[in-house]
Amino acid sequence: MKGAKIIGIVTAVIVVLVLLVTVFLFKGKENNNERIKIVASFYPVYTAVQRVTQGVEGVEVVSLAPSQTGCLHDYQLTPDNMISLKQADALIINGAGAESFLGNIDENHPDLNVLDTSKGIELIEDDHSHQHEEGDHEAEEYNQHIWTSPTNYIKQIENIRDGLIRIDPDYADEYKENAQKYIGQIKDIRSELLKAVDTLFTKKCFIFHGSLEYFAKDLGLEPILYLSLGEGAGVSAADLANASRLAGNAGKILLIYDDQYDTEYNSVAKDAELSRIIKIDTAVTRSNTDTDAWINAMMRNLDEIKKAAA
Ligand SMILES: [Zn+2]
């Protein structure tokens with residue numbers, strides 16, 4: 001009698017445990033059906049990876065830096081970031097020094113599969129955008145804003161595509177198709193931008209942010225002066241006097257700003273006979289769900305250039 005009762009209790013406990021484990025496993029599967037987890041370093045890389053992985057079953061993409069971060073110049077690694085990196089099957093970075101907050105990635109994260117999207121892109125040495133800074137910024141060797149150039153961005157997409165095919169070869173066709181579609185869109189907007197730049201009254205410009213250097217170069221704009229605003233650096237009275245003189249000499253000048261930053265120095269064009277302001281969206285912050293953030297930013301830039309040409 002006593003023995004049977006114990007057996008009954010034990011059986012009941014086992015049944016409950018089995019049920020619990022089943023529910024747990026089932027729930028776990030339901031919430032966690034991803035095959036691979038990709039961590040992108042920040043917004044421009046994140047949206048690019050989203051486009052290349054769109055509709056591919058079981059791929060989870062997360063951004064290390066929150067989408068409103070903007071450029072990573074001041075970014076610091078958080079405890080949450082460390083957890084994300086631990087769980088990641090791959091980390092996709094911009095490269096060109098943008099992820100300096102990760103330190104030496106190979107040393108600090110030896111098991112992490114790191115995909116550098118800047119591979120094969122000709123980097124511009126950063127000799128003007130951060131020269132006035134002291135203290136909290138470390139000197140940056142290269143200009144990291146490669147994604148602002150459509151041509152470079154295409155290369156980044158190709159690197160993401162090839163990296164994902166290596167990691168997840170069974171879905172190679174999907175990655176290729178997504179990348180091809182996206183690259184087609186980027187090529188279209190680039191040719192629209194080139195056409196618009198051709199209608200401007202001059203290609204000579206002042207560039208107020210290092211973030212616009214690749215953009216300007218790719219679209220055939222001709223920067224005659226760089227002044228670095230908003231990313232830690234200030235502009236001196238001597239810089240402004242020099243800018244005014246150059247604008248006067250040029251006669252016609254475009255003032256090109258990065259719309260991440262509010263400061264403007266439009267008075268530097270006072271000695272020019274004709275000047276226009278162009279504000280460029282560098283696609284560095286937007287809503288998390290907007291996978292077309294880069295394309296939409298470039299559409300806005302196209303409008304800005306057309307407005308300046310009118
Ligand atoms: Zn920046």
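A: Start with the salt bridge: a side-chain nitrogen of Lys or Arg within 4 Å of a carboxyl oxygen of Asp or Glu. Here Asp162 forms such a bridge with Arg161, with the closest N and O atoms 2.9 Å apart. This is a predicted model, in which local features need pLDDT of at least 70 and side-chain atom pairs count only at pLDDT 80 or more, while totals for chains, interfaces and linings use all residues. Residues are numbered from 1 along each chain as its sequence is written, and side-chain values use heavy atoms, with hydrogens and water left out.

Q: How many salt bridges does the rule give?

A: The count is nine. In one of them, the side chains of Asp292 and Arg51 meet at 2.5 Å, N to O. This pair links distant parts of the chain, 241 residues apart: Asp292 is in the loop between strand E8 (274-280) and helix H9 (293-309), and Arg51 is in helix H2. Helices (H or I, at least four residues) and strands (E, at least two) are DSSP runs, numbered from the N terminus. The chain has nine helices and eight strands.

Q: Which residue forms a salt bridge with Asp281?

A: Arg300 does, with the closest N and O atoms 3.0 Å apart. Asp281 lies in the loop between E8 and H9 and Arg300 in helix H9, so the pair ties together parts that are 19 residues apart in sequence.

Q: Which residues gather in a patch of negative charge on the surface?

A: Patches are made of residues with over 30% relative accessible area and no salt bridge; like charges are joined within 9 Å, and nonpolar side chains (Val, Leu, Ile, Met, Phe, Trp, Tyr) within 5 Å. Lys and Arg count as positive and Asp and Glu as negative, with His and the chain ends not counted. The negative patch here consists of Glu57, Asp173, Glu174 and Glu177. Glu57 is in the loop between helix H2 (43-53) and strand E2 (59-63), and counts as exposed because its relative accessibility is 54%.

Conventions:
Areas by Shrake-Rupley, 256 points an atom, 1.4 Å probe, with all protein chains shown as cover. Charge placed at Lys NZ, Arg CZ, Asp CG, Glu CD. Buried < 20%, exposed > 50% of the residue type's maximum accessible area, 1.4 Å probe, protein only.
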